[in-house]
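Q: I would like to learn how to read aromatic pairs in a protein model. Please go through it step by step.

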Amino acid sequence: IILAGITTDVCTEFLALSLRAEGYTVFANTEASGTFTEKLAVDANNRMKDGGVILQGTFAIVMDLMRDWRNTPGSLQLLPWLDTYLPAYGYVARAHEAAVQNGTLLPGEEGL
């Protein structure tokens, strides 16, 4: 389950820890909620981390779920999302795919 809330220390933290207690894998998007002070955010994130919640930003969550560009969802499914929400990385991914297709990879890039 991927979640965020209006406030990190109440909405996100309470729900994330409740879901973990029920046995769910939980990703808390650290970019998608906030709170009143940095201390409150740090305390909430520490408590969630200690409770087994995976704390990541949007891009890391997407990459973690995809795992491998050859999987589904993979590059074909992800590129439209990247074009909208992270175009700079979309350009890099498209350039790499083009190099794979046209055989212009540099030595050592084959495994990327």
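This is a predicted model: local features need pLDDT of at least 70, side-chain atom pairs count only at pLDDT 80 or more; totals for chains, interfaces and linings use all residues.

A: Residues are numbered from 1 along each chain as its sequence is written, and side-chain values use heavy atoms, with hydrogens and water left out.

Q: How many aromatic pairs does a search of the whole structure find?

A: A pair of aromatic rings is described by the distance of the centres and the angle of the planes. Rings of Phe, Tyr and Trp (its six-membered ring) pair if their centres lie within 6.5 Å; planes under 30 degrees apart are stacked, over 60 edge-to-face, and the rest tilted. The search finds two pairs here. Phe59 and Tyr89 are edge-to-face, because their planes stand at 65 degrees, with the centres 4.8 Å apart.

Q: Which helices hold Phe59 and Tyr89?

A: Helices are DSSP runs (H or I, at least four residues), numbered from the N terminus. Phe59 is in helix H3 (residues 58–66) and Tyr89 in helix H5 (residues 87–102), so the pair links parts of the chain 30 residues apart.

Q: What about the rings of Trp81 and Tyr85?

A: Their centres are 5.5 Å apart and their planes at 40 degrees, so this pair is tilted. Both residues lie in helix H4 (residues 75–85), four residues apart, about one turn of the helix.

Q: Is Tyr85 buried or exposed?

A: Buried means under 20% relative accessible area, exposed over 50%, and partly exposed in between (1.4 Å probe, protein chains only). Tyr85 has 58%, so Tyr85 counts as exposed, whereas Trp81, at 25%, is partly exposed.

Definitions and conventions:
Helices (H or I, at least four residues) and strands (E, at least two) are DSSP runs, numbered from the N terminus.
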